[in-house]
Amino acid sequence: MGSVVYDCFEAALGSEVRIWSYTQPRYEKELNLTQQLPALPWLNVSADGDNVHLVLNVSEEQHFGLSLYWNQVQGPPKPRWHKNLTGPQIITLNHTDLVPCLCIQVWPLEPDSVRTNICPFREDPRAHQNLWRAARLRLLTLQSWLLDAPCSLPAEAALCWQAPGGDPCQPLVPPLSWENVTVDKVLEFPLLKVHPNLCVQQVNSWEKLQLQECLWADSLGPLKDDVLLLETRGPQDNRSLCALEPSGCTSLPSKASTRAARLGEYLLQDLQSGQCLQLWDDDLGALWACPMDKYIHKRWALLWLACLLFAAALSLILLLKKDHAKAAARGRAALLLYSADDSGFERLVGALASALCQLPLRVAVDLWSRREMSAQGPVAWFHAQRRQTLQEGGVVVLLFSPGAVALCSEWLQEGVSAPGAHGPHDAFRASLSCVLPDFLQGRAPGRYVGACFDRLLHPDSVPALFRTVPVFSLPSQLPDFLGALQQPRAPRPGRLQERAEQVSRALQPALDSYFHPPGTPAPGRGLGPGAGDGT
């Protein structure tokens, strides 16, 4: 009687479709066709540590296509990956590849098949973090730029001023305003001139800073030590000026103690003479960048020379605080300084240094560094050792002897130099040029300790200037001496007494040899006032 042709109609995947035809009026004969459509691939997304698995559970005989793409709000999707596959599959994605607009499309490789699209990472925190990491600000011209990103971003941007030194970038809102940002859309700021310190801040809808780039630093060079002046214009030609600083905008002129306030008069003169660069201008105000280098060099050059020693001491204090915990953990550093009166006294000093090394102390003494000191010279060697010791929170020990007292008196113009005090390895004489300023300026307490031997010198013989720090007589005052060396974490009194006895036992043979050469009676040993005192 005839034929029927079905061209195209929509049907659900995985369903059984029954097609039949008949005449009107209806007779007994009918044309019937039953078609089983291919099943929809089952897709599941699972996480495994830093990886994401796409699990497709389909029959082994079924062929299907899989595509990954970035779904764009404006414009066509951007394909990222495509493959024709067969049977069950597990596709592994690295977590760094995830972005909110990453979508998955899957379909059976059948004619007219319906494609299934899912975007499972829209709310994934890792995907949002990756999106901001991938976002880049790109400079097109000196005054236009755009935001490159895989997906659209709900964000706004404004200019900020980045001063050198690591302080946060200060937003220039007001006088400028925030601008809505659209990915791949060119934006312009109403600038007259550009400056390397001008940066773009990018924030999202939660007012959280996500991206900041100084777009003009590459073309104009590194950050400059300039001051940004903000001019505010009011009615009747009234205007006010302030200098943008980390603490805020300092009015000019001002009596504040900030850098811009101190140089406010010079900045205003530069502005009036046209030496400042105008960056922005409108009816409400203007922005000016004024150089500061010339004022810094003129004003501070002579003062830096005069205060060099003070600056060095201040730096040492800061470094001492920073490294205090580390130095305490591995034992406090101690630099031992003495006058090389004779070879016997040097052996006595060596014995004391060796005994102190048995404690949690790191002792430096020129006896153990003769080769290094000969190469550097006594002055350079002492300065290096003193700086390292104090930076690590250590202490300098001045071991006084008759020769050392004479040298100190000579430097203080109270006496003459002691014989033999000018040896090539006499670090004590070399050290006085740097030690004396610490005592004269009151920086010695807590950093210096004095000591002398009982039968060689009385503590009262030490010049008064050096008695501003504790001066201990050894070995009678060994416990107090060791407690001062191991501050601020001195051991318990009982433990301190044990260490003092240990040092005393190690030191006693050298004392006997120095004060009683072979053939003469040796003094008694022990601790306490008058122990070993033969006077």
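1. Which cysteine does a disulfide join to C101? In this predicted model, the partner of C101 is C151, with an S to S distance of 1.9 Å. The torsion about the S-S bond is -75°, and the link of C101 and C151 is left-handed. C101 lies in the loop between β7 (89-94) and β8, whereas C151 lies in the loop between β11 (144-148) and β12 (155-161), so the pair ties together parts that are 50 residues apart in sequence. Both cysteines, C101 and C151, are buried.

2. C103 and C119 also form a disulfide, with their sulfur atoms 1.8 Å apart. This pair links distant parts of the chain, 16 residues apart, since C103 is in strand β8 and C119 is in the loop between β9 (116-118) and α1 (125-134). The link of C103 and C119 is right-handed, with 100° about the S-S bond. C103 counts as buried at 1% relative accessibility, and C119 is buried as well, with a relative accessible area of 19%; the value for C119 should be read with the cut-off in mind, because buried means under 20% relative accessible area.

3. Strand β8 (residues 102-108) also holds Q105, which is buried, with a relative accessible area of 16%. The side chain of Q105 makes a polar contact with the side chain of R115 at 3.1 Å, and another with the side chain of N117 at 2.9 Å. Leaving aside neighbours within four places in sequence, the residues in contact with Q105 include G65, L66, S67 and Y69, as well as T116.

4. A further disulfide joins C276 to C290, with an S to S distance of 2.0 Å. The torsion about the S-S bond of C276 and C290 is about 110°, so this disulfide is right-handed. C276 lies in the loop between α4 (264-272) and β21 (277-282) and C290 in strand β22 (residues 285-291), so the pair ties together parts that are 14 residues apart in sequence. C276 counts as buried at 9% relative accessibility, and C290 is buried with a relative accessible area of 0%.

5. How many disulfides does a search of the whole structure find? The search finds 6 disulfides, and, with bonded cysteines counted along the chain, they follow the pattern 1-4, 2-3, 5-6, 7-8, 9-10, 11-12.

Conventions:
Residues numbered from 1 in each chain as written. Predicted model: local features only at pLDDT ≥ 70, side-chain atom pairs only at ≥ 80, totals over all residues. Heavy atoms only, no water. Helix = DSSP H or I, 4+ residues; strand = E, 2+ residues; numbered from the N terminus. Buried < 20%, exposed > 50% of the residue type's maximum accessible area, 1.4 Å probe, protein only. Polar contact = N/O pair within 3.5 Å; in protein donor to acceptor, adjacent residues only side chain to side chain. Contact = heavy atoms within 4.5 Å. Disulfide = S-S within 2.5 Å.
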